[in-house]
Amino acid sequence: MGKHGAQQPIQLVIITGMSGAGKTVAIQSFEDLGFFCVDNLPPTLLPKFLELVKESGNKMNKVALVMDLRSRDFFDHLFAALDELAGQAWIMPQILFLDAQDSTLVARYKETRRTHPLAPNEPPLEGIRLERKLLEELKGRAQIVYDTTGLKPRELREKIVRQFSLHAQSGFTVNVMSFGFKYGIPIDADLVFDVRFLPNPHYIEHMRPKTGLDEEVASYVLKWGETQKFLEKLIDLLAFMLPYYQREGKSQLVIAIGCTGGQHRSVALAEHIARHFSADYKTVVSHRDMERRKEAHR
């Protein structure tokens, strides 16, 4: 078993949602958690702001932004920026959407005697309905949605602190595991890839007692054109998928690479894949069945 480490990605939380649903309380809660906070950042400025965050190195590793999105242009700018970030390992963006029932929002407007920003000359309910329709697509893209209808400000603050303090501590680990199909598929695997179609060192007598950790065996497994083509496609697929798994809040992703006995091909490929992603993610590599054959002959 081996371990590889990498700098944790910047955590970016975009706070948005219905006016009156608690965005002010939310940004104050993130300040308490040590996030660098910006209130009411126009989405058009998001790419430039994130450039400055990236250039700061590790000085701003947790960022929370409040965005009030009330026009189609704002949506387009935000979605374009988030789509561009999706495949980049240096940052982990999430949307926190705050919502509440219409009756609750109306009551809150009456308490504060404010007018709704989308309908300043109309009853608050008109603005609320217009805003809800406008925000429908954004809510569908949010990873986290809080309904604050029955929440007091203190309860909303506690909810945010619980979720995001735990999330910040847990991080994201890519666990690459080799295994042998003859011993069964790992029950905790998220993704399983079968490499039994690749040339097998088991049939070369002097390599048979060795493992994929031996340089000679690893070189043999990796030298073939089909192996290189498979790795190119698999690494490209994983590079696309990992940021999305991370954004969804998973603490660990288990990638299982299987060959017949879990001794040669799967071991060499698991090591190669773990090394590749160790620059961008915390990675752990393990070999479930590598010693099974030796133990069977003792």
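**Pocket, cavity and sheet in a predicted model**

Biologist: Which residues lie nearest the centre of the largest pocket?

Modeller: This is a predicted model, in which local features need pLDDT of at least 70 and side-chain atom pairs count only at pLDDT 80 or more, while totals for chains, interfaces and linings use all residues. Residues are numbered from 1 along each chain as its sequence is written, and side-chain values use heavy atoms, with hydrogens and water left out. A pocket is an open set of points on a 1 Å grid over the protein atoms alone, with protein on both sides within 12 Å along at least five of seven lines, and its lining residues have an atom within 4 Å of a point. The largest pocket is lined by 19 residues, and those nearest its centre are Gly20, Ala21, Gly22, Lys23 and Thr24.

Biologist: Which element gives the largest share of the lining of the largest pocket?

Modeller: Helices (H or I, at least four residues) and strands (E, at least two) are DSSP runs, numbered from the N terminus. Two or more residues of this lining come from each of helix H1 (23-32) and helix H7 (153-170). The largest share, four residues, belongs to H1.

Biologist: Which residues of H1 are buried?

Modeller: Buried means under 20% relative accessible area, computed with a 1.4 Å probe on protein chains only. After H1 comes glycine 34, whose phi is positive, near 90 degrees. Within H1, the buried residues are Lys23, Val25, Ala26, Ile27, Ser29 and Phe30.

Biologist: Which element gives the most to the lining of the largest cavity?

Modeller: A cavity is a set of grid points where a 1.4 Å probe fits but cannot get out, and the largest cavity is lined by Ala86, Ile91, Pro93, Pro243, Tyr244 and Arg247. The elements that give two or more residues to this lining are strand S5 (91-99) and helix H9 (225-247). With three residues, the element that gives the most is H9.

Biologist: Which residue of S4 stands opposite valine 13?

Modeller: Strand S2 (residues 10-17) and strand S4 (residues 62-66) run parallel and are joined by five bridges. Opposite valine 13, the residue in S4 is alanine 64.

Note on methods: Buried means under 20% relative accessible area, exposed over 50%, partly exposed in between (1.4 Å probe, protein chains only). Two strands pair if DSSP finds at least two bridges between them.
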